[in-house]
Amino acid sequence: MANIQEIQRIALTEFSHIVIDAFSINYKLRIVLIDNSFIDVNLSRTFPDKFGFHWERKDNIYRYDNFPDTNWSYVSTYPYHFHDGNQNNVIEPPFKLTIYEGFRDFMEFVKNKIQK
């Protein structure tokens, strides 16, 4: 089972060039980025290996998660899905399907968007 401390370590060490801070808020991790946007990381306490990485930036929402929302059952990688820019634009995720590697891929996506 993944743990939030390892996600925090990855954010603060491997992505220190875009991460200002990472701290717990109740059950989730908030990651503050250099553009003053933030990512919330939610690891389910009830279902092992269920996660959500949610980034809000300007008027855009990017979320990669594997919570089984049947609204997105048409996605070939269901329950894994990616909200690309808004809540209703849901596609197959361009990230690995494991928590730590998927988080690294998601952070690379964030880094590329910030650096544009």
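This is a predicted model: local features need pLDDT of at least 70, side-chain atom pairs count only at pLDDT 80 or more; totals for chains, interfaces and linings use all residues.
Trainee: Good to know. How many aromatic pairs turn up in the whole structure?

Mentor: The search finds 17 of them. One is F51 with F53, whose ring centres are 4.8 Å apart and whose planes meet at 25 degrees, so they are stacked. Rings of Phe, Tyr and Trp (its six-membered ring) pair if their centres lie within 6.5 Å; planes under 30 degrees apart are stacked, over 60 edge-to-face, and the rest tilted. F51 is buried at 0% relative accessibility, and F53 is buried with a relative accessible area of 0%.

Trainee: Back to my F95, then. What kind of pair do F95 and F109 make?

Mentor: An edge-to-face one, because the planes are at 75 degrees, with the ring centres 5.8 Å apart. F95 sits in the loop between β7 (90-91) and α2 (99-114), whereas F109 belongs to helix α2, so the pair ties together parts that are 14 residues apart in sequence. Helices (H or I, at least four residues) and strands (E, at least two) are DSSP runs here, numbered from the N terminus. F109 is buried too, at a relative accessible area of 17%.

Trainee: Which residues form the aromatic cluster?

Mentor: F51, F53, W55, Y62, Y64, Y80, F82, F95, F103, F106 and F109 form one cluster.

Trainee: What does S37 touch?

Mentor: Leaving out residues up to four places away in sequence, S37 touches I31, V32, W55, E56 and R57, where contact means heavy atoms within 4.5 Å. S37 lies in the loop between β2 and β3 and is buried, with 6% relative accessibility.

Trainee: New topic: R30. What does the charged end of R30 sit over?

Mentor: The ring of F38, at 4.0 Å from its centre. That label needs NZ of Lys or CZ of Arg within 6 Å of the ring centre and within 35 degrees of the ring normal. R30 also forms a salt bridge with D40, with the closest N and O atoms 2.7 Å apart. This pair links distant parts of the chain, R30 in strand β2 and D40 in strand β3, ten residues apart. A salt bridge is a side-chain nitrogen of Lys or Arg within 4 Å of a carboxyl oxygen of Asp or Glu.

Trainee: How many salt bridges does the search find?

Mentor: Ten in the whole structure. Among them, E6 and R9 meet at 2.8 Å, N to O; both lie in helix α1, three residues apart, about one turn of the helix. E6 is partly exposed at 24% relative accessibility, and R9 is partly exposed with a relative accessible area of 36%. E101 and R104 form another, with the closest N and O atoms 2.9 Å apart. There is also a network of salt bridges linking E6, R9, E14, E101 and R104.

Trainee: Last one: which residues of helix α1 are buried?

Mentor: In α1 (residues 4-14), they are I4, I7, I10 and A11. They cover an arc of only 120 degrees around the axis, so they are on the same side of α1; the arc is that of the directions from the helix axis to the C-beta atoms. The buried residues of α1 pack against β1 (19-25), β2 (28-33), β3 (38-43) and α2.

Key:
Residues are numbered from 1 along each chain as its sequence is written. Side-chain values use heavy atoms; hydrogens and water are left out. Buried means under 20% relative accessible area, exposed over 50%, partly exposed in between (1.4 Å probe, protein chains only).
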